[in-house]
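Hi,

Here is the model I promised to pass on.

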Amino acid sequence: MIWNIFALSFRQWINRPWEVVLTFFLPIVFFSIFALIFGRGIRSQPSQSVPVSLIDEVKDLESQEWVQLLKSDPQLRFDKLNEVATSSEQAKSRIQRGDLTACIVIRPIGHSLNSDREKLFPWSIMILADQSDQLAVGYVESTVRASLTRLAMSKLSPEGMGVSATEHGVNQVDRRQTVPGVHQAEGDEVLLAPAAKLTPNASDQRINGISQELLSDLPRVERELDLLRNGSAGKPVAEEQPLGIPVQVQNVLDAGKANPVVSMYAAGIAVMFLLFNATAGSGVLIDERANQTLDRLLGSHLSMDQLLLGKWFYMTFLGTVQVTVMFIWASRVFGVNLVEHLDGFFMMTIATSLAASGFGLFLATLCQSRAQLNGISTVVVLTMSALGGSMVPRYLMNESLQHAGLLTFNAWAIDGYDKIFWRELPVNTLGPQLAVLTLSGVLFLSIARLLAIRWESK
Amino acid sequence: MDISRFSDEIPALEVRNLRKRFGRQIALDGVHFELQQGERLGLLGPNGAGKTTLVRCLARRIRADEGEIQILGAPLAPGGTLSVLGVVPQELAIYEDLTAKQNLKFFGKIHGMSGRRLRERVHWALDWTGLSDRSGQLVRYFSGGMKRRINLACGVMHAPKILLLDEPTVGVDPQSRERIYTMIDSLSAEGCSVLLTTHHMEEAEGQCERLVILDRGQIVADGTIDVLTDQAVGSSRYVRLRIHLQSGCIPGDLLSSLERWEMEMISESDREKIATMRMHEVAKNLPNLLEEIHRSGVLVTDVEVQSPSLHDVFLELTGAQLRDV
C-alpha cells in the first residue's frame, strides 16, 4: 500500500509538467542568482571602485603627497565629476543626492601644534560618508588609514620603510620625484619641508618610537583593508588613530534617522509582497475565466477595459494600504521617519503599487491556469526581488548585477524610498523613479489588455 | 432595445444556419432553430454535441463563422441585446466569497441597475430562490443546490426576456432540482422564453415543451416529444415477453419466429427467458406473435408493452448512448 501511495504521488507529479520543470528549475535559478551575488558578485575585485571626492584644505606638500598616494588606489574612483566638490557643504549635498559615497576632507589642525605627530602632519582627516553603503564607507576609511600610516612611515624612515606598499594593494609613491625636498637631509637633519616644524633637535628616540607605533599599527590596518577587499564586510577600522592622526567619519545622512538598512528592507520587502499580492490578486481573473464568471461579466454592460482597469485600481489601492500599514509598523517599531515624508512616501507607494498591479495582470493574462500563474509568478517575483535588492542590498552586488537590477521594479522602488527616508531629498527628485514605475504599470496593463483579447468574443 | 413593440408572432430567438469551427473541428454545422416567445425549449445532445458552443454563440461569447442569430427579430449585435438576454452558465459563475445578497447586487449593477429598482430585484431574487433568510451568508457555505439557485438568480437579475440555461441542475439533489424547476416555471409564467441545455432526458422531457436534439454540431430533430417520437420510432412499441420453456430448450419453429421478429433473448434461468423487441402495429402483430408461441408449446407467463421514451428517441436519432467526445 505504501508503494501504491508512492507511485500515485509520483504519477501525479509527472502529470504536472509545469511542476516538474519548477521542481528542478527553481532551485537552479535561485542558486545561480545568489551565487552571482555572493560569489563573484560582491565587491571584491579592484575594478569595482568607490566613487569618492577629496577636498584638501591644507594643500601642503605632505597632504598633496598623501592625496597622490590615495589616488593611486585603484578602488577609489576620483573622477573629474567627483572632484567638483570644492567645499564640505557641496560634498555633503552631493552625498545626500547619492552622487558620492564619501568625501575625504583634509583639514588643518585648529590649535597649536603640540605633539610630534602634529608637527609632522599638521592636519586631520574627516570622511563625510553615506553610511547606507556600509561596505564602501568601511573600505574608504581603511584605505585612508592605511595610506596615512604608510605615508607617515615613509616620512620617518630615511630609507623609506622598505615596505612594499604595492604588495598590499596600495601603490607606493616615488617621493623623490613627486615631492621635492623630501629626504634631502640624512640622520638628524630635517626630514621634510613642512616637517621643518620638527626641530633639528628631535631625537632619534622619539622618531623611533613613532616608527614602532606605525609598524605595529600597519599590519592591523592592512589586515582590515584586505578583509574588506576580499568581501568580508566587517566593521570598519577601529576608533584608534594611526599614529594619532585623527580620522573621523561623519555620516552625512545620519541625523537621528533609523538605520538605513531598516528603511531599505522596509521598501524591499514591501515591493516583493506587492508583487506577490498583485499576482495572486490577478489570479482571480483566471478563476473567473475558468468558472465562466468572465463570460457572465462580459455578457453584461461591463467591458474588458473596465474589468481590467477596475482590478488594476483595486490592487493598487490594496497595495498602497498594505505598504502603508507596513511602514507605520516600521515607523513605530524601528524608527523610520514616516510622518515627515508622507508626500514622497505616498507618491512612491502608489507608483510602485500601480507597477506591481499592472505586472500582476500581465502575468495573469499571460497564463492559462492558476497553477501556471503560481509557478511563473514565484520564479519571476523571487528573481526580481533578488536582483532588485529586496533580499540583498544592491550595493553588495557587482556593477553588472546592479545594472541588471534596474530592470526590476524593486530596484527603482527601493531607490525611491531610499531618496525619501535616507537621503531626505525633496519629492521632485523622485521623477525618474515615479516615471519608470508608473509607465511600467501602464505598459504592463496595456500588454495585459492585448492578451485578454483572446478571452473576449471570438 | 425596446422589446415592447414586438408582436408575439416574432420568435424570441431565431438561429439560422449557424456554423462554427475550432481549428479542424466543426463545433456547429448549420444549426437552425427558433425559440418562440414564452416557450420552453430543450436543447438536448450528448457531450461534445455543440450545446455549450451554441449557448456561447447566443450569449455573444463566441463569434460564429457563418449564420445569423436574431433576438426578437433583430440581429444579434454587440451591446444591443444585453437587457433582453440572461445567461446562466453551467459552472457556478458566482463569487463564493460574497454573500448571496452581495452577489445579487453586483450582478444587478453590472446590468445597469441601481437604486430602488436594484433593491426590489434583490428582494425579489432572494424570495424567488427561497434564500431570504440566508441573504447575509457567504455563498461558500451554501449547499450545492443553494449555490445553483443563486447562480440562476444572478442570471435573471435584470429580468431578461430570453433565458439561456446551460445544464442548470448539474450535481444537485432531486429536491433542489425540483426547486429549480419551480423557479423556472415561475419565469415561464411571467413570459420569459427559456432555452434549456441539458443531457438529462427526464429533465428535457419533463421541463420542455419542445426539444431540439443536437448531435455533432447538427440539429437531428426539432419538435414536441410526440412529434419526435413519431419521427424516430413511429408507431412502434417495445414488447417484453417472459416465457417458460418446459423442456429447457427453444423449439425450432419458435426460434425461427423469434428471429423473424428480431427478438432479443435473455436467460433468467434454464427454463425462464425474457424476450424483447420493437414492434410496429402492436394491436395487430402482438396477437399473431403470441399465437405462434402458443402453437410451439411454449408458455408465455407475462406480456409488457411500453411506449418509447425520450431516451429511445434519442438513441434512435443519434445512434449512440450519451458519450464524451
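At what angle do helix α7 (residues 225-233) of chain B and helix α10 (residues 310-318) of chain B pack? The angle is about 45°, and their axes are 9 Å apart. Axes here are lines fitted to C-alpha atoms, for helices over the stretch in contact, and angles run from 0 to 180 degrees between N-to-C directions. Helices (H or I, at least four residues) and strands (E, at least two) are DSSP runs, numbered from the N terminus.

Before going further, the housekeeping. This is a predicted model, so local features need pLDDT of at least 70 and side-chain atom pairs count only at pLDDT 80 or more, while totals for chains, interfaces and linings use all residues. Residues are numbered from 1 along each chain as its sequence is written, with chains lettered from A and ligands numbered from 1 in the order in which they are written.

Back to that helix pair in chain B. α7(B) and α10(B) are therefore oblique to each other; angles under 35 degrees count as roughly parallel, over 145 as roughly antiparallel, 65 to 115 as roughly perpendicular and the rest as oblique. α7(B) passes α10(B) in a left-handed crossing (left-handed if the near helix is turned anticlockwise from the far one by less than a right angle, right-handed if clockwise). On the α7(B) side the contact uses B:Ile225, B:Leu228, B:Thr229, B:Ala232 and B:Val233, and these meet B:Leu310, B:Asp312, B:Val313, B:Glu316 and B:Leu317 in α10(B). Two residues are in contact if their C-beta atoms, placed from the backbone, lie within 7 Å. By class, that contact has 7 nonpolar, 1 polar and 2 charged residues. For the classes, Ala, Val, Leu, Ile, Met, Phe, Trp, Tyr, Cys and Pro count as nonpolar, Asp, Glu, Lys and Arg as charged, and the others, Gly among them, as polar.

Still in chain B, the division is into domain 1 (7-84 + 160-235 + 308-325), domain 2 (96-158) and domain 3 (237-307); domain bounds come from an automatic or database domain assignment. The C-alpha centres of domain 1 of chain B and domain 3 of chain B are 40 Å apart.

B:Glu14 has 19 C-beta neighbours inside 10 Å, so B:Glu14 counts as partly exposed. The cut-offs are 20 or more other C-beta atoms within 10 Å for buried, 12 or fewer for exposed, and partly exposed in between, with C-beta atoms placed from the backbone. Setting aside neighbours within four places in sequence, B:Glu14 is in contact with B:Glu34 and B:Gln70. B:Glu14 and B:Glu34 are 20 residues apart in sequence, yet 4.4 Å apart in space, C-alpha to C-alpha.

Now chain A, which has 16 helices and 5 strands. Of its 458 residues, 41% are buried. Among contacts in chain A with a separation of 6 or more, 78% come from residues 24 or more positions apart. The chain is divided into domain 1 (1-28), domain 2 (50-251) and domain 3 (258-455). Between domain 2 and domain 3 of chain A, the contact takes 8 residues from domain 2 and 7 residues from domain 3.

Two helix pairs in chain A share α12. Helix α11 (residues 304-334) and helix α12 (residues 342-366) pack at about 135°, axes 8 Å apart, which makes α11(A) oblique to α12(A). The crossing of α11(A) past α12(A) is right-handed. This contact divides into 10 nonpolar, 9 polar and 1 charged. α12(A) also packs with helix α15 (residues 409-421) of chain A at about 175°, axes 10 Å apart, so α12(A) is roughly antiparallel to α15(A). Here there are 9 nonpolar, 3 polar and no charged residues.

Last one: is A:Met315 buried or exposed? A:Met315, in helix α11 of chain A, is buried, with 26 other C-beta atoms within 10 Å. Beyond neighbours within four places in sequence, A:Met315 is in contact with A:Ala278, A:Gly281, A:Ser357 and A:Gly360. A:Met315 and A:Ser357 are 42 residues apart in sequence and 5.8 Å apart in space, C-alpha to C-alpha.

Cheers
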